[in-house]
Amino acid sequence: MVKKNNNKRRDFLQLSTLTLGGVGTAAFIWPFLKSMSPAEDTLAAGSTEVDISAIEEGQSITIKWRGKPVFIKKRTKDEIDAAKMVQASDLRDPQDDADRVQKEEWLVLVGVCTHLGCVPLGQKVSDMKGEYDGWYCPCHGSHYDTSGRIRKGPAPKNLDIPPYSFLNDSTIKIG
Amino acid sequence: MDKNRKVHQFNNPVLNWIEFRLPIISYFKKEYGDYPMPKNCNYFWSFGALATITLVTMIVSGIFLAMNYTPHTDMAFNSVERIMRDVNYGWLMRYIHSNGASFFFIIVYIHIVRAMYFGSYKYPRELNWILGVFIFLLMMATSFLGYTLPWGQMSYWGATVITNLFSAIPIIGEGLKTWLLGDYNVGNATLNRFFALHYVLPFVIFGVVGLHVAAVHVHGSNNPDGIDIKSKNDSVNFFPYMLIKDTVAMCAFGVAISAVIFFGPNLMSEVDNYIPADPLVTPAHIVPNWYLAPFYAILRAVPDKLGGVLLMFGAIAILFVLPWLDRSKVRSCNYRPMYKWFMMGFFVNFFALGYVGMLPAEGLYLLIARVGLLYYFGFFVIITPFVGWIEKPSKLPLSISDVYSKNIAPNIGGGEKGVPSPAMQKDTNL
């Protein structure tokens, strides 16, 4: 009887030691793992203000925001119409054009392909714009339309819209 | 400790002094002196030694490069150019290191081909094979990390594409990617940690190579006929026979790598990597290093992001279970009339995958990649188990000596009974 109790006591001590040791190890490892996440200064790399008064209709500029390219495009009437005509339900990542813009002539996009992170072509006049006349990713052949929505190719999602606001008619604040 | 421990005695008192305290002398004598090598091993069996030498060369040249390299996004590219132009013999260090990586993969691919063709992965060397695949995986990770360091266009966009693979994982993907990068895109934090890991992983590889070698020495090396050593007549001592043979192979290898280092140092590199990294412009055509191209081809052959990533990693993971997919007891493909051709087909297919992996994923190339993908997995999942089941292997020789008495000296000695010819006995009983 005494022996049995002793064993139970041993089991308990063993189990609690292991548990505490495990918790201690995890607590020790956590700071190391967490140190690999983006640092505070990286997170704080805030916002950018862009002067858009010089952009002509049909023109597009690329600016750098948090290390990523952001496309700001002043769309033509045709391009807006083409984007609006599409039925959202037919798309891989269904979204209406109206949900992707604040003012319909201004399209603001994160210029990073949602497949594997390349920068799509289409910003320069001479660039390939793909079958939907928006952007075309040269890496693995994703086609985006004039609203930056994925239409063809391996990318799973539409081009991201960064948080932005119009400070006045000629300035956009991104971030 | 055991007072009755038997201590090896050598003629040299210094060796005896060491041996008494740390039995390392007898260990080396046993593993690299008297270690029996099957006497029918051909030059394919030198590639393990070549790989080890190359690993050491990579570590040494890498340490000296690190003395002049700066892992910062603003300075990395220029520090590499400084190594090329201003550091004494810096160009040589860098060309040894960059071409050494390519040659390391050439050697290891041949080493893997040898293990597959002659069935070295089978009982009792399965764990050895698993350790080998693990080394291969570590090598791919290390080379990818190293390729990022010069911070050229291919470095930057290669790193971007590969780290984005992780974002394909549902739910945790994006978070995992950000954690790996230390930023929302490839940046200074990424470059710093890639450098740290690129420095340490080769030493991990070195450790696993130690286990890999120790494991093969337990049951001894396989051989072209895939049969075990049965008597002393079947083997030769590692020293001096295999050492000399490996040295000859090493000389040939030295000539080959020198020819590339001195006369075509950029043959296997991408010209775009001499353009500094630009996060706003993607090169028109992102090309992986040639040695990763077969897996890149598999990634691109699948029109679905997650599916492509899974199959690419699956293509490596399936290697781990090869010893259990192959049901045939016969090791060497020399005695497997059907499987031999499927195996050759596998090698050709892998090469074709690598070729299209370097080209744009469209039209005929994409079709080839898809057919190649089917054969790659079909070979492992269907052909290998099935052929092992239906195939009738040819008759195995009774012993390794028997191979010689039949093929080389059929008139001398009783080959049928596995008795070596007098000539061979004289040769091997040294």
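**How chains A and B meet**

In this predicted model, 23 residues of chain B are in contact (heavy atoms within 4.5 Å) with 24 residues of chain A. The model scores ipTM 0.75 and pTM 0.87.

**What the interface is made of**

- Between chain B and chain A, about 2,100 Å² is buried, and carbon and sulfur atoms give 64% of that; buried area here is the accessible area (1.4 Å probe) that two parts lose on being put together, summed over both.
- Seven residue pairs are in polar contact between chain B and chain A, with both residues at pLDDT 80 or more. A polar contact is a pair of N or O atoms within 3.5 Å; within protein, one must be able to donate a hydrogen and the other to accept it, and residues adjacent in sequence count only if both atoms are side-chain atoms.
- Salt bridges (a side-chain nitrogen of Lys or Arg within 4 Å of a carboxyl oxygen of Asp or Glu) come to zero between chain B and chain A.

- Chain B has a mean pLDDT (the predictor's confidence in each residue, from 0 to 100) of 91, and 93% of its residues reach 70 or more.
- Watch residues 409–430 of chain B: the pLDDT there is below 50, and the stretch has 29 contacts in the model beyond near neighbours in sequence.

**Ground rules**

- Residues are numbered from 1 along each chain as its sequence is written, while chains are lettered from A and ligands numbered from 1 in the order in which they are written.
- Local features need pLDDT of at least 70, side-chain atom pairs count only at pLDDT 80 or more, and totals for chains, interfaces and linings use all residues, with side-chain values using heavy atoms and leaving out hydrogens and water.
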